[in-house]
Amino acid sequence: MEDGDDDPPRLSPETLAALQEVLAEQAERPAVQERDGVAYLEPDWGLAQFWYTTATSALVAEEAFDRAGGGAIACLCTPSVFRALQTMTQSQAYLFEFDHRFDIFGDKFVHFDLYKSPEEQFPASLKGKFSVLVADPPHLNREAVNALAVHGRWLSLRGAEGPAKSADLILLTGSVLEEDVRKVLRARRNVWKPEHQCPIQNPFSCYTNYPSSRFGGLASG
């Protein structure tokens, strides 16, 4: 991996300056707001939280909802997508997130530490529950990909095919991790690319372990 790959996504100097202005404005707003009928929290930059644009969140939520077919969806470190799913009727989405502020979502919130085992932090009722996993690990390194694989296997719904069957995976992470994602998670990069509200320096890609026309199909090369 290149130097810096272990870091969270980075901001350009221009974006960082603009961010300081945004943070000053945010300090004057209520801690919890409501947008589109769903609770909204500002990102915590200290936790490397970078929200997606509304269009990106909606597109990923639509894909996850359709792929789930009425089944449960695990949003791993993807609050923006979880919020978008909350606007859809009959959505069975759960938010797995380290930030305790999201406990405002009650039993749909699951405290999540990527680097702890599933057994030591999740209730047994969640094992094998989820048809779709939507993930965006907080760090751009191989360790994060390996940890995500462990959680993915534990959370994935097991069908008639047996243990080899895994949930559909929608992964949004740095393009630098493409080789690790392909080898460890058996997911491929799509043509479509996610966008963030606050532009970041690290190029991001969308990976899936199935072909998706909504994401423009699998990228060549």
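Reader: In which handedness of crossing does H2 pass H3?
Author: This is a predicted model. In the model, the crossing in which H2 passes H3 is right-handed.

Reader: How are H2 and H3 oriented to each other?
Author: Helix H2 covers residues 54-68 and helix H3 covers residues 79-86, and their axes are 8 Å apart. The two pack at an angle of about 65 degrees. Angles of 65 to 115 degrees count as roughly perpendicular. The relation of H2 and H3 is therefore roughly perpendicular.

Reader: How many residues in the contact of H2 with H3 are nonpolar, polar and charged?
Author: H2 contributes Ser57, Ala58, Val60, Ala61 and Phe65. From H3 come Ser80, Val81, Ala84 and Leu85. By class, the contact has no charged residues, two polar and seven nonpolar.

Reader: Which strands stand at the edges of the sheet?
Author: The open sheet has seven strands with mixed pairing, in the order S5-S4-S3-S6-S7-S9-S8. An edge strand has a single partner strand, so one side of it is left without a neighbour in the sheet. The strands placed this way are S5 (109-111) and S8 (188-189).

Reader: What angle does the direction of H4 make with that of S6?
Author: H2 lies across S3, S6 and strand S7 (168-174), running at about 165 degrees to S6. Helix H4 (residues 142-155) also packs on the sheet, where it touches S3, strand S4 (92-97), S6 and S7. The direction of H4 makes with that of S6 an angle of about 160 degrees.

Conventions:
Residues numbered from 1 in each chain as written. Predicted model: local features only at pLDDT ≥ 70, side-chain atom pairs only at ≥ 80, totals over all residues. Heavy atoms only, no water. Axes fitted to C-alpha atoms, helices over the stretch in contact; angles between N-to-C directions. Helix = DSSP H or I, 4+ residues; strand = E, 2+ residues; numbered from the N terminus. Parallel < 35°, antiparallel > 145°, perpendicular 65-115°, else oblique. Left-handed = near helix turned anticlockwise from the far one by under 90°. Contact = heavy atoms within 4.5 Å. Nonpolar A, V, L, I, M, F, W, Y, C, P; charged D, E, K, R; others polar. Pairing = 2+ DSSP bridges.
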